[in-house]
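The following note is meant for a colleague who is meeting this structure for the first time.

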Amino acid sequence: DPEGETRGFHAAVEIARQFVEARVARSAAKRRAELLAAEAVRAAGDSPILELPMGMPFRPAVIEAGADHLLFVVTPRPGGDWTLGGIRKYDEGFEQRADLPAAWGGLSGAELETVSGVPGATFCHKALFIAAATSRESILQMAALAVEEARRLAPAPDTA
């Protein structure tokens, strides 16, 4: 039936159009994220803390910029909470440039607030790669403490 063949063709074109549009949208979103992440890396300057306007892939921008001094990333979450995360050393594996303070590992709520000394601290994963807090101010305070601890534990530079 020629009409059936035409209907089938138009249906196939519609499906193909949806795939192409989705691919273009994904590519555009990826490019926007790359630009936002690159701008955030520039804005961080020599700070060890990268603050992003939202969760997004950021490691390529960090690598491209040669921003080896960055240790942690701070991002807001929908609902008002904020996260503090480590930055992986390599594309493969989970080794981080610096861990969150060991004393925080696996704690949440009042216990984490007490141990960290940060009001609003809500969670720290036991593997020390991500933590959360109720506000930007709280997460930045946690980030500063994490940087201080990472620097305290960092091996002394070789002076030989």
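1. Terms and basis. Helices (H or I, at least four residues) and strands (E, at least two) are DSSP runs, numbered from the N terminus, and two strands pair if DSSP finds at least two bridges between them. The model is a predicted one, in which local features need pLDDT of at least 70 and side-chain atom pairs count only at pLDDT 80 or more, while totals for chains, interfaces and linings use all residues. Residues are numbered from 1 along each chain as its sequence is written, and side-chain values use heavy atoms, with hydrogens and water left out.

2. The hairpin of β4 and β5. Between the two strands of this hairpin there are 5 residues, and Leu128 has a positive phi near 65 degrees. Strands β4 and β5 (residues 130-133) run antiparallel and are joined by 3 bridges. Ala121 faces Ala133 of β5, and Phe123 has Ala132 as its bridge partner in that strand.

3. The sheet as a whole. An open sheet of mixed pairing is formed by 5 strands, ordered β1-β2-β3-β5-β4. Its edges are β1 (49-51) and β4 (121-124), each of which pairs on one side only. On average, neighbouring strands are turned by 20 degrees against each other, direction ignored; the axes are lines fitted to C-alpha atoms, for helices over the stretch in contact, and angles run from 0 to 180 degrees between N-to-C directions.

4. The largest pocket. A pocket here is an open set of points on a 1 Å grid over the protein atoms alone, where a 1.4 Å probe fits, with protein on both sides within 12 Å along at least five of seven lines; lining residues have an atom within 4 Å of a point. The largest pocket holds about 340 Å³ of space, the volume being that filled by probe spheres set on the grid points, which are joined across faces, edges and corners. Its lining consists of 17 residues, and Gly85, Gly86, Arg88, Gln96 and Phe129 are those nearest the centre. Two or more lining residues come from each of β2 (72-76) and β3 (82-86), with β3 giving the largest share, 3 residues.

5. Which classes of residue line the largest pocket? The lining divides into 9 nonpolar, 6 polar and 2 charged residues. In this scheme Ala, Val, Leu, Ile, Met, Phe, Trp, Tyr, Cys and Pro are nonpolar, Asp, Glu, Lys and Arg are charged, and the others, Gly among them, are polar.

6. Salt bridges within helices. The count of salt bridges (a side-chain nitrogen of Lys or Arg within 4 Å of a carboxyl oxygen of Asp or Glu) comes to 8. In helix α1 (residues 2-44), Arg31 and Glu34 lie 3 residues apart, about one turn of the helix, and their side chains meet at 3.3 Å, N to O. Helix α4 (residues 136-153) contains Glu149 and Arg152, likewise 3 residues apart, whose closest N and O atoms are 3.0 Å apart. Glu14, Arg17 and Glu21 are linked in a salt-bridge network.

7. A salt bridge between separate parts. Arg59 and Asp91 form a salt bridge at 2.5 Å, N to O. Arg59 belongs to helix α2 (residues 59-65) and Asp91 to the loop between β3 and α3 (109-116), so the pair ties together parts that are 32 residues apart in sequence. Arg59 is buried at 11% relative accessible area, whereas Asp91 is exposed at 57%; buried means under 20%, exposed over 50%, and partly exposed in between (1.4 Å probe, protein chains only).
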